[in-house]
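This report describes one protein chain for a reader who is new to structural terms.

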Amino acid sequence: MSEKPSATLPGTVEKIIKSPFPSEPEKAQIAVEGADHLYKEIRIENALTDENGEKVQLKPGAEIKLTVEAEPEATTANTEKDPKESAA
C-alpha cells in the first residue's frame, strides 16, 4: 500500500481562544510557517488525542507540525520546474 501525497509545514500555537459558549470548544490559533502572509494563521479545535488515546490540548507557544494529506486520485503531477534547480 502506498503512502498518500502529503506536505508538512512547521507552525507555532500563537494563542488559545476561549469559546463564549460552553457548548462550543476552545480554539488554538496556529501560525503556519511558509504560508502566504494573508493565510498564515489557522484556527482549529483545541482537542487532540495522544498515543494512549487520552485527550490533550495545545499550549500557547507550542511548536507543531501541520500535515496536509490527500488521496492519490485527488492529486495531479507537478509539471512546473523547481526554481532551486534552475539556479544551480
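## Terms and basis

A residue is called buried if its relative accessible area is under 20%, exposed if it is over 50%, and partly exposed in between, with a 1.4 Å probe and protein chains only. The model is predicted: local features need pLDDT of at least 70, side-chain atom pairs count only at pLDDT 80 or more, and totals for chains, interfaces and linings use all residues. Residues are numbered from 1 along each chain as its sequence is written, and side-chain values use heavy atoms, with hydrogens and water left out.

## The chain as a whole

The chain contains one helix and six strands; these are DSSP runs numbered from the N terminus, helices being H or I with at least four residues and strands E with at least two. Along the sequence, the pattern is β-β-β-β-β-β-α.

Of the 88 residues in the chain, 12% are buried.

Four strands form an open sheet in the order β3-β2-β1-β6, with antiparallel pairing; two strands pair if DSSP finds at least two bridges between them. Strands β3 and β6 (63-69) are at the edges and have a single partner strand each, so one side of each is left without a neighbour in the sheet. From one strand to the next, the twist averages 45° (axes are lines fitted to C-alpha atoms, for helices over the stretch in contact, and angles run from 0 to 180 degrees between N-to-C directions).

Seven antiparallel bridges join strand β1 (residues 6-17) to β6. Thr-12 stands opposite Glu-63 in β6. Gly-61 belongs to the loop between β5 (55-56) and β6, and its 45% relative accessibility makes it partly exposed.

## The nonpolar core

The largest nonpolar core has six residues: Val-13, Ala-28, Ile-30, Val-32, Leu-58 and Ile-64. Such a core is a set of buried Ala, Val, Leu, Ile, Met, Phe, Trp, Tyr and Cys residues joined through side-chain atoms within 4.5 Å. Strand β2 (residues 27-32) gives the most to this core, with three residues. In soluble globular proteins, nonpolar side chains tend to be buried together.

Leaving aside neighbours within four places in sequence, Val-32 is in contact (heavy atoms within 4.5 Å) with residues including Leu-9, Ile-42 and Leu-66.

## Two buried polar residues

Which residues make side-chain polar contacts with Gln-29? Gln-29 is in strand β2 and counts as buried because its relative accessibility is 7%. Its side chain makes a polar contact of 2.7 Å with that of Glu-14 and another of 2.8 Å with that of Arg-43. A polar contact is a pair of N or O atoms within 3.5 Å; within protein, one must be able to donate a hydrogen and the other to accept it, and residues adjacent in sequence count only if both atoms are side-chain atoms.

Asn-46 lies in the loop between β3 (41-45) and β4 (48-49). With 3% relative accessibility, Asn-46 is buried, and its side chain makes a polar contact of 2.8 Å with the side chain of Glu-26. Not counting residues up to four places away in sequence, Asn-46 touches several residues, among them Ala-28 and Leu-58, both of which are members of the largest nonpolar core.
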